[in-house]
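Please open the structure in your viewer and keep the sequence beside it.

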Amino acid sequence: MPSGSVLFEQKVLSLDHRPLFISYPDADAWSKSVIPLYPFETYSLGSIEDHSTDTLQVDFTNKYFGGGALHKGCVQEEIRFIINPELIAGMLFLPSMVDNEAIEIVGIDTK
């Protein structure tokens, strides 16, 4: 039986043009930055579920949370939802996203 909790957080980037309380970098800030990034690895082969369980996994998906997990989909997002059915609960309260939104999920068992 799984233990622990799964946290869902909807992240929204303001569409207002530079509100006073949010600092947006210039378009070329990353190329001019001298601050080192944290080391990371990318993989071009294998499945996302075959890699280390202590990794950050990113899925660039369509606007519907879960994609076609309850239909006929069988790509990255749908596979993750089948492996971790606790994600399906998020479809109840996070049905879709618009262009300035993202959903962060913490706590699923990726073993």
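**The largest pocket**

Begin by selecting β2, the element that contributes the most to the lining of the largest pocket, with 6 residues. Helices (H or I, at least four residues) and strands (E, at least two) are DSSP runs, numbered from the N terminus. The model is predicted, so that local features need pLDDT of at least 70 and side-chain atom pairs count only at pLDDT 80 or more, while totals for chains, interfaces and linings use all residues. Residues are numbered from 1 along each chain as its sequence is written, and side-chain values use heavy atoms, with hydrogens and water left out.

Next, select Gln-57, Val-58, Asp-59, Ile-103 and Glu-104, which lie nearest the centre of this pocket among its 30 lining residues. A pocket is defined on a 1 Å grid over the protein atoms alone, as an open set of points where a 1.4 Å probe fits, with protein on both sides within 12 Å along at least five of seven lines; lining residues have an atom within 4 Å of a point. The volume of the largest pocket is about 980 Å³, where volume is the space filled by probe spheres set on the points, which are joined across faces, edges and corners.

**The nonpolar core**

Now select Phe-65, Ala-69, Phe-81, Leu-87, Met-91, Leu-94, Met-97 and Ile-103: these 8 residues form the largest nonpolar core. Such a core is a set of buried Ala, Val, Leu, Ile, Met, Phe, Trp, Tyr and Cys residues joined through side-chain atoms within 4.5 Å. Buried means under 20% relative accessible area (1.4 Å probe, protein chains only). Centre the view on Phe-65; among the residues it touches, leaving aside those up to four places away in sequence, are Phe-8, Glu-77 and Ile-105. A contact means heavy atoms within 4.5 Å.

**A loop residue**

Move to Asn-100, in the loop between α3 (90–93) and β2. Is Asn-100 buried or exposed? Asn-100 counts as buried because its relative accessibility is 15%. Its contacts, not counting residues up to four places away in sequence, are Lys-11, Val-12, Leu-13 and Leu-15.

**The whole chain**

Finally, display the whole chain, with its 3 helices and 2 strands in the pattern β-α-α-α-β. Colour the chain by pLDDT, the predictor's confidence in each residue, from 0 to 100. The chain averages 79, and 82% of the residues score at least 70.

Definitions and conventions. Buried < 20%, exposed > 50% of the residue type's maximum accessible area, 1.4 Å probe, protein only.
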